[in-house]
Amino acid sequence: MFPCHIFIYSVLIVVTTENYFSTCALNNFKITELSYKKIFFFWLPLAGTWLMMSVEGPYISAIIARMADPKYNLAAYGVSFSIALILEAPIIMMMSASTALVEDKLSFRKLRNFTFLLNLILTLLFLLILVPSIYNFLALDLINLPVEVAELTRKSLFILLPWPAAIGYRRFYQGVLIKYNMTKKVAYGTIIRLAAMSITAFLLYSFSAFEGAVVGAFALSAGVVSEALASRLMTSGILRHINDPDEGSSNDQLTYRRIASFYYPLALTSLLSLGVHPIVTFFMGQSRMSLESLAVLPVINALVFIFRSIGLSFQEVVIALMGDRFENYRRLRNFAFSAGLSVVAILGFIAFTPAADFWFHTVSGLSPEMTEFAKLPLRIIAVIPGLTVLISFQRSVLVYSRITSPITLATAIEVTMIILVLFSGINLLNAVGVVAAVSAFVLGRLASNTYLSFPFGKVRSKNSV
């Protein structure tokens with residue numbers, strides 16, 4: 001199965017580049033003359049990690065599509081995953097927080113306690129949503145899901161209950177790993193996550209009577225819990241050597257109020273970005289051909305994410321390699337431009353040739369009718385990976401310059417544009433749900449890119465690059 005090949009190749013990327021990067025720890029990676037070859041090999045293991053993560057969606061969707069009632073189960077899996085994403089959003093930036101704030105035992109303990117409290121709040125909120133009266137209002141009245149899909153979605157959500165806490169737990173400890181230059185262990189955690197997910201999915205698919213959406217939820221939960229435990233175990237050596245704070249140090253004054261103040265804008269950006277998924281689900285539930293749209297969107301998104309991962313993995317590369325005086329800007333820009341063109345060209349080739357039939361029907365297991373239905377939205381959204389490379393480059397230059405507020409505002413503009421396009425397309429133009437959704441994603445990202453071009457241009461002019 002093709003997603004499994006991606007997983008294998010990604011593992012090989014991480015393993016075969018380990019020796020190269022063992023002498024090039026992130027904080028000590030000094031480059032006097034940056035070449036495209038050096039950029040490539042610096043970026044390669046990060047891309048491998050993101051590619052491994054991109055396997056999740058296609059693999060689980062392919063299994064669900066081969067089980068009974070694939071249309072209902074794919075739709076339920078997509079809805080439950082969207083809800084899980086919005087509940088995950090406030091905790092997902094904890095990796096950045098722990099990387100920035102953990103300096104000693106005191107700061108470690110305070111941020112760990114903050115993480116645990118946030119995990120508890122999100123888990124209680126998850127349970128509140130599953131209260132029958134509240135859930136029925138959300139699923140049947142608000143989103144307007146078919147009864148069969150709503151029932152499958154609720155089952156899946158119960159199984160995904162550990163999701164937000166496991167995400168917060170492992171991202172906290174992954175930040176500690178990054179802080180102490182053990183980034184390759186983050187990749188090892190991803191390998192463990194995908195292995196646990198794959199084994200769970202295969203065993204339940206082969207030997208259980210669970211519905212497809214439930215199998216997918218079990219696989220996701222098994223994966224994130226395994227990765228969370230692995231991340232904790234891999235930090236054991238670090239935790240034994242973290243020192244007590246020096247008297248009068250800045251972290252000696254670290255309070256929970258300061259942590260909350262630091263973390264709030266990070267959580268808000270993530271919440272805006274991930275929060276759009278249930279909004280899209282809500283609008284598609286009101287649209288023409290809603291069931292078909294809910295079924296194919298996760299399959300399309302899973303394919304597109306494989307190519308988006310190239311851009312997502314490039315952000316840390318730019319921050320790390322820019323140079324003290326932006327001396328490496330042009331080479332990084334050229335590399336990003338080439339990467340963006342490449343991913344758009346490859347995904348475009350798939351979208352406009354019989355390769356789309358191979359992916360949707362042979363790999364993902366969609367019926368011939370659903371395969372034809374998925375082609376048009378894929379062609380519309382094929383440009384998104386290139387725009388992802390662009391926005392990652394824009395964001396990384398701004399973060400490197402310590403200018404972060406425009407990033408949050410750009411995300412708000414993107415979400416607003418998505419909502420406006422969805423509302424107009426579905427309620428005014430009577431568009432097919434998935435067509436309106438992918439059009440909204442493209443126009444929203446274009447709006448975000450356009451806004452960021454202004455602060456990005458100021459930074460570029462200031463540094464004469």
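User: Let's take contact to mean heavy atoms within 4.5 Å. Which residues does Leu378 touch, not counting residues up to four places away in sequence?

Analyst: This is a predicted model, by the way. Leaving out residues up to four places away in sequence, Leu378 touches Ile300, Leu303, Val304, Leu347, Ile350, Ala351 and Phe360.

User: And which residues have the most contacts inside the largest nonpolar core?

Analyst: Phe314, Leu332 and Leu378 do, in a core of 146 residues. Helix H15, residues 290-312, gives the largest share of this core, with 12 residues.

User: Ok, zooming out. How many helices and strands are there?

Analyst: The secondary structure comes to 22 helices and zero strands. Of the 465 residues in the protein, 54% are buried.

User: What share of the contacts with a separation of 6 or more comes from residues 24 or more positions apart?

Analyst: That share is 83%.

User: How about the accessible surface, what does it come to?

Analyst: About 20400 Å², and 65% of that belongs to carbon and sulfur atoms.

User: Which residues make the nonpolar surface patch?

Analyst: Leu117, Leu120, Ile121, Leu124 and Leu127 make a patch of about 460 Å². Leu117 has its place in helix H7, residues 105-129. As a reminder, in an α-helix there are 3.6 residues a turn, so residues three or four places apart point the same way.

User: Switching to H5. How far does H5 reach from its first C-alpha to its last?

Analyst: It spans residues 70-88, 19 residues in total, and reaches 26 Å, close to the 27 Å expected at 1.5 Å a residue.

User: And why is H5 described as largely enclosed by the rest of the structure?

Analyst: Because 14 of its 19 residues are buried. Asn73 is found in H5, and at 2% relative accessibility Asn73 counts as buried, the cut-off being under 20%.

User: What does Asn73 touch, again not counting residues up to four places away in sequence?

Analyst: Asn73 touches Ile64, Ala68, Leu152, Glu211, Gly212 and Ala213.

User: How many salt bridges does the structure hold?

Analyst: Seven. One of them is between the side chains of Glu292 and Lys71, at 3.9 Å from N to O. Glu292 lies in helix H15 and Lys71 in helix H5, so the pair ties together parts 221 residues apart in sequence.

User: Is Glu292 buried or partly exposed?

Analyst: Partly exposed, with a relative accessible area of 21%; buried would need under 20%. Lys71 is partly exposed too, at 32%.

User: Next, what distance do you get for Lys375 and Asp357?

Analyst: Their side chains meet in a salt bridge at 2.9 Å, N to O. Lys375 is in helix H19 (residues 368-381) and Asp357 in helix H18 (residues 355-363), with the two 18 residues apart. Lys375 counts as buried at 11% relative accessibility, whereas Asp357 is partly exposed at 27%.

User: Last topic, H21. How many residues does H21 have?

Analyst: H21 has 24, running over residues 405-428, and reaches 34 Å, close to the 34 Å expected at 1.5 Å a residue.

User: Which of its residues are buried, and what covers them?

Analyst: Among the buried ones are Pro406, Ile407, Glu414, Val415, Ile418, Val421, Leu422 and Ile426. Their cover includes helix H14 (256-285), helix H20 (384-400) and helix H22 (433-462).

Definitions and conventions. Residues numbered from 1 in each chain as written. Predicted model: local features only at pLDDT ≥ 70, side-chain atom pairs only at ≥ 80, totals over all residues. Heavy atoms only, no water. Helix = DSSP H or I, 4+ residues; strand = E, 2+ residues; numbered from the N terminus. Expected span 1.5 Å × (residues − 1). Buried < 20%, exposed > 50% of the residue type's maximum accessible area, 1.4 Å probe, protein only. Patch = residues over 30% accessible without salt bridge, like charges linked within 9 Å, V, L, I, M, F, W, Y side chains within 5 Å. Areas by Shrake-Rupley, 256 points an atom, 1.4 Å probe, with all protein chains shown as cover. Salt bridge = Lys/Arg side-chain N within 4 Å of Asp/Glu carboxyl O. Core = buried A, V, L, I, M, F, W, Y, C linked by side-chain atoms within 4.5 Å.
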